[in-house]
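This report describes a single protein chain for a reader who is new to structural description. Please keep the sequence and the model in view while reading.

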Amino acid sequence: MTHSGQPKPLEARKSQSLTGRVRVPGDKSISHRALILGALAVGQTRITGLLEGEDVLNTAGAMRALGAEVERQADKNGASAWLVRGVGTAGFATPEAPLDFGNSGTGCRLVMGAVAGCSISATFDGDASLRSRPMRRILDPLELMGARVTAQSEGGRLPLTVQGARDPLPILYRTPVASAQIKSAVLLAGLSAPGVTTVIESEASRDHTELMLKHFGAQITSQHEGRHGRRIALTGQPELHGADVVVPADPSSAAFPIVAALIAEGSDIVLTDVMTNPLRTGLFTTLREMGASIEESGVRGDAGEPMAQLRVRASKLRGVEVPAERAPSMIDEYLVLAVAAAFAEGTTTMRGLQELRVKESDRLEATAAMLRVNGVRVEISGDDMIVEGRGHVPGGGLVATHMDHRIAMSALVMGCASDAPVRVDDTAFIATSFPDFIPMMGGLGADFA
Ligand code: S3P
């Protein structure tokens, strides 16, 4: 599913206080993994709360193309359950056409890992944003495991074809950057290798793949390694059994109404079922350090993933320093943190942001441009971003979204409290991760038109 339609511009105006209670959509990372592991398991997997955004729907389509049965069932209240009948580890079939992952790096890279462990060949493609993103970081370990890759362009960019390994080798791999996508691709390929596949990361990245593999019956261990790292060891060739998966609400999507409520005077909102896995909550830690009122209650868990209700009230924020080692636990949240920082009093310095350059867009440059065009002083120094908060944002700018859902949502959040309205050139890509963002924010009191 690749966007080809007309751009959909939108303007956010200063809103009244935001109030209400909402559940943001299911976590994107967990949704991709539930579909992929369901497709590699024997028997039926039933997923509730799946994110029905374009990125995840593309992964569902890829699972069908690789031979799994994937079906959406709606109940009379409009809620849905997704049923996946898997093909078993290493059981994928060669797809008839190229797999199109649209805008999604996660779907594409995780499925590359799963395909690399099967004796089939598949071509991977995506939209202009995904075609510009680096794939070598994934292909290098998969080639060590025995996969072969043919790419039409330089530097391992899409479109490219992966010929999976007939006899995959278990490897010990140290990831060159803290990336859950690299780790997960190696582990998914390692499912079909005999013996133990080990991944060592020097900074721990999100561990949803490990938790879900365990939930599906794999033998996998995770130990601390060094100061902030992990050593993950997976025993290959397990029989994965279909399982029930409840997808909690996505903290990366919750980030947008949270920051909007913090900066829009008098706001008081509640977000339910928000996943609070500590490897994802760096933004909440940072916002609290800035003085944010975010109260957590009713903590519970499912399949190793904790979730809680969050009450967020408008708060006076102050600038802080965000250490580089926090980056993996909030890598998708710096854009909206930069918005919060602009409304804070004082300087916020965010360190170690090099990975932001290779996301759906160059998020370091795009975030700085989003702030500057709305009258905020911001500096990029090497891999750090420094935002001068002055307690208010002039606004009045037109923000270029660069095919990036999170830039569009961050800019609209900024417009909820800026002096003059903020316009974005295209909101179409919001559908990749948060299809109901505009009506949900409207329901809380945001003024988008
Ligand atoms: C994701 C990992 C992160 C993140 C992405 C989702 C995942 O990417 O930015 O949105 O689900 O594994 P990296 O692994 O490249 O840091």
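Asp-273 counts as buried, because its relative accessibility is 19% and buried means under 20% relative accessible area, while exposed means over 50% and partly exposed is in between, all with a 1.4 Å probe and protein chains only. Asp-273 is placed in strand β15, which covers residues 268-275, where helices (H or I, at least four residues) and strands (E, at least two) are DSSP runs numbered from the N terminus. The phi angle of Asp-273 is near 60 degrees, which is a positive value in a residue other than glycine.

Met-403 also has a positive phi, near 60 degrees, and is likewise a residue other than glycine. Met-403 is found in the loop between β22 (398-399) and α12 (405-415), and at 27% relative accessibility Met-403 counts as partly exposed.

## How the model should be read

The model is predicted, so local features need pLDDT of at least 70 and side-chain atom pairs count only at pLDDT 80 or more, whereas totals for chains, interfaces and linings use all residues. Residues are numbered from 1 along each chain as its sequence is written, and side-chain values use heavy atoms, with hydrogens and water left out.

## Overall shape and make-up

The protein has 13 helices and 24 strands. Its radius of gyration is 21 Å, close to the 22 Å that the globule rule gives for 449 residues, so the protein is as compact as a globular protein of that length; this radius is taken over C-alpha atoms, and the globule rule is 2.2 Å times the number of residues to the power 0.38. Taken along the principal axes, the C-alpha atoms fill a box of roughly 60 × 50 × 45 Å.

Of the 449 residues, 60% count as buried. The protein exposes about 16,100 Å², and carbon and sulfur atoms supply 47% of this area, which comes from the Shrake-Rupley method with a 1.4 Å probe, where for residues only the protein chains shown count as cover. Among contacts between residues at least 6 apart in sequence, 76% join residues at least 24 apart, and contact here means heavy atoms within 4.5 Å.

## Aromatic pairs

How many aromatic pairs does a search of the whole structure find? The search finds four, where rings of Phe, Tyr and Trp (its six-membered ring) pair if their centres lie within 6.5 Å, and planes under 30 degrees apart count as stacked, over 60 as edge-to-face and the rest as tilted. In one of these pairs, the rings of Phe-101 and Phe-124 have centres 5.7 Å apart and planes at 10 degrees, so the pair is stacked. Phe-101 lies in the loop between β6 (99-100) and α3 (105-116) and Phe-124 lies in strand β7 (residues 121-125), so the pair ties together parts that are 23 residues apart in sequence. Phe-101 is buried, with a relative accessible area of 0%, and Phe-124 is buried at 0% relative accessibility.

The rings of Phe-434 and Phe-437 have centres 5.3 Å apart and planes at 70 degrees, so this pair is edge-to-face, and both residues are buried. Ring pairs link Phe-256, Phe-434, Phe-437 and Phe-448 into a cluster. Phe-434 is also one of the contacts of Ser-253, which, leaving aside neighbours within four places in sequence, is in contact with Val-24, Ser-433 and Phe-434. Ser-253 is found in helix α8 (residues 251-263) and is buried, with a relative accessible area of 1%.

## Cysteines

A disulfide is a covalent bond between the sulfur atoms of two cysteines. With a disulfide taken as a pair of cysteine sulfur atoms within 2.5 Å, a search of the whole structure finds zero. Cys-118 counts as buried at 0% relative accessibility, and Cys-416 is buried with a relative accessible area of 1%.

## A hairpin and a cis bond

Strand β16 (residues 293-302) and strand β17 (residues 305-313) run antiparallel and are joined by eight bridges; two strands pair if DSSP finds at least two bridges between them. Glu-296 has Leu-310 in β17 as its bridge partner. The hairpin of β16 and β17 has two residues between the strands, and in this hairpin Ala-303 takes a positive phi near 50 degrees.

The peptide bond from Leu-158 to Pro-159 is cis, with omega near -5 degrees. Pro-159 is placed in the loop between β8 (148-151) and β9 (160-163).
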